[in-house]
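Please open the model in your viewer and keep the sequence panel beside it, so that each selection can be followed in both.

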Amino acid sequence: IATYAEVADRTERLAKALQRLGVRLEDRVATFCWNSQEHLEAYFAISSMGAVMHTLNIRLYPEQLAFIINHANDKVIIVDDTLIPVLAQVAESMKDVEHIIVVGEGDDSPLRSAPRAKFHRYDELLAAETPGIEWPALDERAPASMAYTSGTTGDPKGVVYSHRSTVLHSWG
């Protein structure tokens, strides 16, 4: 259980850590996570810093997962340690992923075949940062998040949500 203030603090730290790893405006940061506090922090940090939050469906076939990661040009993947065996099935084909951030203490060695990725632990990244960040002023039409279909009629298809559309969907 965390307070809003604690989530805000950790969100700022995650955004700063992602910036230190080279994540810039409109870079795609994927998550392969269960619903958790860390996943919530990622939702806020990624889109608030101007990057694009890309949730990966944990139930997809490996071929579809690999296609989506590469088609989206994901730069970073945040993965729950319990899902490492699933993501490891496509590690060798993740050609553009530069960083893999593991939530939890589980063994990340099955992912080590990712050709370009450097590995990090979520809590260690946050611990290396201080709270406080100057959030950028983002255009409401800028991309905030993206998702893909399950590919039932050919390859999966992506959709991008703007900050504006997210607010409008919330109001709806």
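The tour below moves along the chain from one selection to the next in this predicted model.

Begin with Glu26, which is found in the loop between helix H1 (4-20) and strand S1 (28-32).

Select Asn73 next, in the loop between helix H3 (62-72) and strand S3 (74-80). Here too the residue is not a glycine, and yet the phi of Asn73 is positive, at about 60°; its relative accessibility of 36% places Asn73 in the partly exposed class.

Now move to Asp108, located in the loop that runs between strand S4 (99-103) and strand S5 (118-121). Is Asp108 buried or exposed? At 9% relative accessibility Asp108 counts as buried, because the cut-off for that class is under 20%. Displaying its surroundings, and leaving aside neighbours within four places in sequence, you will find Asp108 in contact with Ile84, Val102, Phe119 and Arg121. Of these, Ile84 lies 24 residues away from Asp108 along the chain, while the C-alpha atoms of the two are separated by 6.7 Å.

Finish at helix H6 (residues 163-171), where Trp171 lies. Trp171 is exposed, with a relative accessible area of 69%.

Technical notes
Residues numbered from 1 in each chain as written. Predicted model: local features only at pLDDT ≥ 70, side-chain atom pairs only at ≥ 80, totals over all residues. Heavy atoms only, no water. Helix = DSSP H or I, 4+ residues; strand = E, 2+ residues; numbered from the N terminus. Buried < 20%, exposed > 50% of the residue type's maximum accessible area, 1.4 Å probe, protein only. Contact = heavy atoms within 4.5 Å.
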